[in-house]
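User: I have a protein model open and would like to go through it with you. Could you take my questions one at a time?

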Amino acid sequence: MEDSSAPRSARTTFGWLVGASQLLGVTSVVLAGVWMGHYHGGFAWDGSDQEFNLHPLCMILGMVFLQGDAILVYRVFRNEAKKNVKMLHGIIHMLALIVSIVGMAAVFDNHRAAKYPDMYSLHSWCGMATIVLFSLQWVMGLSFFLFPVASSWLRSAYLPVHAFCGLVLLVMAIGTSLLGITEKLLFSIMSTYSSFPPEGIMANILGILLACFGLLVCYIVTKEEYKRPPNPEEESLAVHFKTLTEGSSPTMP
């Protein structure tokens, strides 16, 4: 929902920025699919190199595009009921986690079938750290905000940490993806890299698009005028909930 109180020019700019982020994200996912499908034989689930091809596609779809969109929902739907936005935020993050787990399973299954060692590269170390921290962030978000078990003051203290960590994880995911793109490209075309074949051009464009997607998401999320405005009704309900659960007076600070 658009904020009717915001200037028309600001709403228009915001719409263009969000649209551009979605175009960059979708194009990145499509390019990843075309790269793995056209240049590396497509997809399968049989331990072959075609199963490995699911890994970059799933990680870009889950850890980059879906994670970025989950972050953006608080700006795109900043005037909707906060509970609904929280639910959407959590669901998209859950989908990102599921897709990413499929991508991780694909690469481990391929390595096991081919008898390759696991966790030998910087890319794999960064990727594992990112998905473990992402999983922890999702669980913490559920327990603090969607199904809160912590006190209101603890939730208030953790909220900026949660938001900051979300952006850090997105940056980590994009950085890990760029490492993976470079690693895959070097392994697959090392012998012909001097001729700079079309695959190299496509992979480089994909890397640039991922970086631009991340920069745009971070810009939208951190720009003050796009943040969720205060909602007196929600604040009143929050005070009432705190009174019921913690026994404090609404008039107390």
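Analyst: The answers below go from the overall fold to single residues.

User: Before that, what kind of model is it, and how are residues numbered?

Analyst: This is a predicted model, in which local features need pLDDT of at least 70 and side-chain atom pairs count only at pLDDT 80 or more, while totals for chains, interfaces and linings use all residues. Residues are numbered from 1 along each chain as its sequence is written, and side-chain values use heavy atoms, with hydrogens and water left out.

User: How many helices and strands are there?

Analyst: The protein has eight helices and zero strands. Both are DSSP runs numbered from the N terminus (helices: H or I, at least four residues; strands: E, at least two). Along the sequence the pattern reads α-α-α-α-α-α-α-α.

User: What share of the protein is buried?

Analyst: Of the 253 residues, 43% are buried. Buried means under 20% relative accessible area, exposed means over 50%, and partly exposed lies in between (1.4 Å probe, protein chains only).

User: Which residues does S28 touch, for instance?

Analyst: Leaving aside residues up to four places away in sequence, S28 touches I60, L206, L209 and L210. S28 lies in helix α1 (residues 8-39). The C-alpha atoms of S28 and I205 are 8.7 Å apart, although the two residues are separated by 177 residues in sequence.

User: Is S28 buried or exposed?

Analyst: S28 counts as buried because its relative accessibility is 1%.

User: Moving on, how do α3 and α4 sit relative to each other?

Analyst: Two packed helices are described by the angle between their axes and the distance between the axes. For helix α3 (residues 54-76) and helix α4 (residues 82-114), the axes come within 8 Å and cross at roughly 170°. The axes are lines fitted to C-alpha atoms, for helices over the stretch in contact, and angles run from 0 to 180 degrees between N-to-C directions. The pair is therefore roughly antiparallel, a term for angles over 145 degrees.

User: Which classes of residue make up that contact?

Analyst: The contact of α3 with α4 has 20 nonpolar, seven polar and one charged residues. Ala, Val, Leu, Ile, Met, Phe, Trp, Tyr, Cys and Pro count as nonpolar, Asp, Glu, Lys and Arg as charged, and the others, Gly among them, as polar.

User: Then α5: what span should it have, and what does it have?

Analyst: Helix α5 (residues 122-146) has 25 residues, so at 1.5 Å a residue it should span 36 Å, and its end C-alpha atoms are 34 Å apart, which agrees. The expected span is 1.5 Å times one less than the number of residues. Buried residues of α5 include H123, G127 and T130.

User: What does T176 touch?

Analyst: T176, in helix α6 (residues 152-189), touches H123, C126, G127 and T130, not counting residues up to four places away in sequence. T176 is buried at 8% relative accessible area.

User: Last one: how many disulfides are there?

Analyst: The count comes to zero disulfides, a disulfide being a pair of cysteine sulfur atoms within 2.5 Å. C165 is partly exposed at 27%, and C212 is partly exposed at 33%.

Definitions and conventions
Parallel < 35°, antiparallel > 145°, perpendicular 65-115°, else oblique. Contact = heavy atoms within 4.5 Å.
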